[in-house]
Amino acid sequence: MLTKRIIPCLDIKDGRTVKGVNFVDLRDAGDPIELATIYAKEGADELVFLDISATEERRKTLAELVKRIAEQLDIPFTVGGGISKVEDVTILLRNGADKVSVNSAAVKRPDLINELVAQFGSQCIVIAIDAKQVDDDWKVHLVGGKVPTEISLWDWAKEVEKRGAGEILFTSMDHDGTKNGFANEALAKLNELVNIPVIASGGAGTMDHFANTFLQGKSDAALAASVFHFKEIEIVELKQNLKEQGIPVRI
Amino acid sequence: MKTTIIDYGAGNIQSIQFALARLGNEARLSADPDEIRSSDKVIFPGVGEASSAMNKLRATGLDQLIPALNQPVLGICLGMQLMCQSSEEGNTKGLGIFNTDVLRFSDEGKVPQVGWNTIEGFSSDLFAGISENEFMYSVHSFYAPISEDTVAISQYGISYSVALQKNNFYGVQFHPEKSSTAGSKLLQNFLEL
């Protein structure tokens, strides 16, 4: 039986993890590879590395990091952040990334999705969508949620599916950072609307929040950062808890 | 032992090389016929679209070379699918090794299937020491139905072949190189065949 996925997300800047992490057993708290390896051992199903560096060196630094991750990690990982061209993706996949996630660049130029799918296949193209509720509707936002657009979440989700995206990573800007749970109403609607997997992101605070996004939100996977980095939730315990609630997980 | 991963420009094959390196095996990436023929083990990877992958194989003559190999050959993901008779993806004629066609999942479940699924019903040495209902990671929209060559199955709305074997030819739908310790065990088993 296909299981629901638990995905820790690591923010990367200049080749180092940025969000504070609270791992006593880490020799180097800024080393993405050490942290990734620990998550993999604890039962993470996949990892997402989100590059937030803004330097000119960023592409080269990220490519080198991706290669080192791929050498060590025996679970799939996605790389995102600032991807705007086919060449960006070529380098990341060639260095061993399993998937890439594309956000603003796809909204600005939707044909990019078709180009990426034609060249690399749907299976490695994740489209990240940041959205916020505006006047009873959900609108797509850009640049990490800072810039609003007039595009409806529902229209955009259908369009990225039609253009061949393999998965949608949906972040609710209203829920992100609140630790009050995922946007399950919107997620349930999204999961009805599209027939590609949807990863829920934004709002994880408790183990029940994960259960709820699988049961009520019908999400295929759930992504979180700080609850894992600060050990507020242990992946091993989380998966045990989900299993006891009858949710299929890999243990 | 000489292991070659067939390099025909199909997707992320470095991950397989890295996974073998973690097992202490220094596999080479190559499309050279002599290099491939003289290997003890051959891995036939594949990620992407079936018809364009087959075109690449035909352009280099690998479509003739692969079915004629005598050493153990392991097809992974699209590699396994291309070893079948045909694929519904782009109406592609395959290498014709396994006696089955490849079909598209109906839209009952999400397509592609992405994630960790249980595998069961083993009847191949490839699965020695791997528990029934172990989890493996897959990403795919097309599948091989159950056939005489099926050596392991998974469920996704329907039962399908998650592994195939015929003589020296092996194929797995999942990505052992991305399937944690169980996947690593399978690669180890292949190297020890």
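**Figure 1. The contact between chain B and chain A.** Two salt bridges are counted between chain B and chain A in this predicted model. In one salt bridge between the chains, Asp220(A) meets Lys110(B), with the closest N and O atoms 2.6 Å apart. The count of residue pairs in polar contact between chain B and chain A, both residues at pLDDT 80 or more, is 15. On the side of chain B that touches chain A, at least two residues each come from α1, β8 (113–119), β9 (134–140) and α6 of chain B. Strand β8(B) gives the largest share of that side, six residues. In terms of residues, 27 of chain B are in contact with 36 of chain A. About 2500 Å² is buried between the two chains, and carbon and sulfur atoms give 52% of this area. Lys110(B), Trp116(B) and Lys178(B) together supply 29% of the area that chain B buries against chain A, more than any other three residues.

Figure 2. Seven strands of chain B form an open sheet with mixed pairing, in the order β2-β1-β3-β4-β13-β12-β11. Strands β2 (28–30) and β11 (150–156) of chain B are the edge strands, each pairing on one side only. From one strand to the next, the twist averages 25°. Six bridges join β11(B) to strand β12 (residues 158–166) of chain B, and the two pair in the antiparallel sense. Within this pairing, Gln155(B) has Ser159(B) in β12(B) as its bridge partner. Helix α1 (residues 14–22) of chain B packs on the sheet, where it touches β1, β2, β3 (41–44) and β4 (73–76) of chain B. The direction of helix α1(B) makes about 165° with that of β1(B). Helix α6 (residues 180–191) of chain B also packs on the sheet and touches β1, β3, β4 and β13 (169–172) of chain B. The direction of helix α6(B) makes about 135° with that of β3(B).

**Figure 3. The surroundings of Thr3(B).** Thr3(B) belongs to strand β1 (residues 3–6) of chain B. With a relative accessible area of 1%, Thr3(B) is buried. Its side chain makes a polar contact of 3.1 Å with the side chain of Asn25(B). When neighbours within four places in sequence are left aside, the residues in contact with Thr3(B) include Leu20(B), Glu26(B), Ala27(B), Arg28(B) and Leu191(B). Ser39(B) and Lys41(B) are also among the residues in contact with Thr3(B).

**Figure 4. Salt bridges within chain A.** Over all chains, the structure holds 20 salt bridges. One of them joins Lys231(A) to Glu42(A), the closest N and O atoms being 3.5 Å apart. Lys231(A) lies in the loop between α9 (226–229) and α10 (235–244) of chain A, and Glu42(A) lies in helix α1 (residues 32–42) of chain A, so this pair ties together parts that are 189 residues apart in sequence. Lys231(A) is partly exposed, at 25% relative accessibility, whereas Glu42(A) is buried, with a relative accessible area of 17%. A further salt bridge is formed by the side chains of Lys99(A) and Glu46(A) (3.0 Å, N to O). Lys99(A) is in strand β5 (residues 99–102) of chain A and Glu46(A) is in the loop between α1 and β3 (47–51) of chain A, 53 residues apart. Both Lys99(A) and Glu46(A) are buried. Asp111(A) forms a salt bridge with Arg163(A), the closest N and O atoms being 2.9 Å apart. Asp111(A) counts as partly exposed, at 43% relative accessibility.

Figure 5. Five of the six residues of strand β7 (residues 137–142) of chain A are buried. Strand β6 (residues 125–134) of chain A runs antiparallel to β7(A) and is joined to it by five bridges. Ala131(A) stands opposite Val140(A) in β7(A). Two residues lie between β6(A) and β7(A) in their hairpin, and Asp135(A) in the turn has a positive phi of about 45°. Strand β7(A) also pairs in the antiparallel sense with strand β8 (residues 147–152) of chain A, over three bridges. Here His141(A) stands opposite Pro148(A) in β8(A). The hairpin of β7(A) and β8(A) has four residues between the strands, and Val143(A) takes a positive phi near 50°.

Key: Residues numbered from 1 in each chain as written. Chains lettered and ligands numbered in written order. Predicted model: local features only at pLDDT ≥ 70, side-chain atom pairs only at ≥ 80, totals over all residues. Heavy atoms only, no water. Buried < 20%, exposed > 50% of the residue type's maximum accessible area, 1.4 Å probe, protein only. Polar contact = N/O pair within 3.5 Å; in protein donor to acceptor, adjacent residues only side chain to side chain. Contact = heavy atoms within 4.5 Å. Pairing = 2+ DSSP bridges. Axes fitted to C-alpha atoms, helices over the stretch in contact; angles between N-to-C directions. Buried area = accessible area lost by both parts, 1.4 Å probe. Salt bridge = Lys/Arg side-chain N within 4 Å of Asp/Glu carboxyl O.
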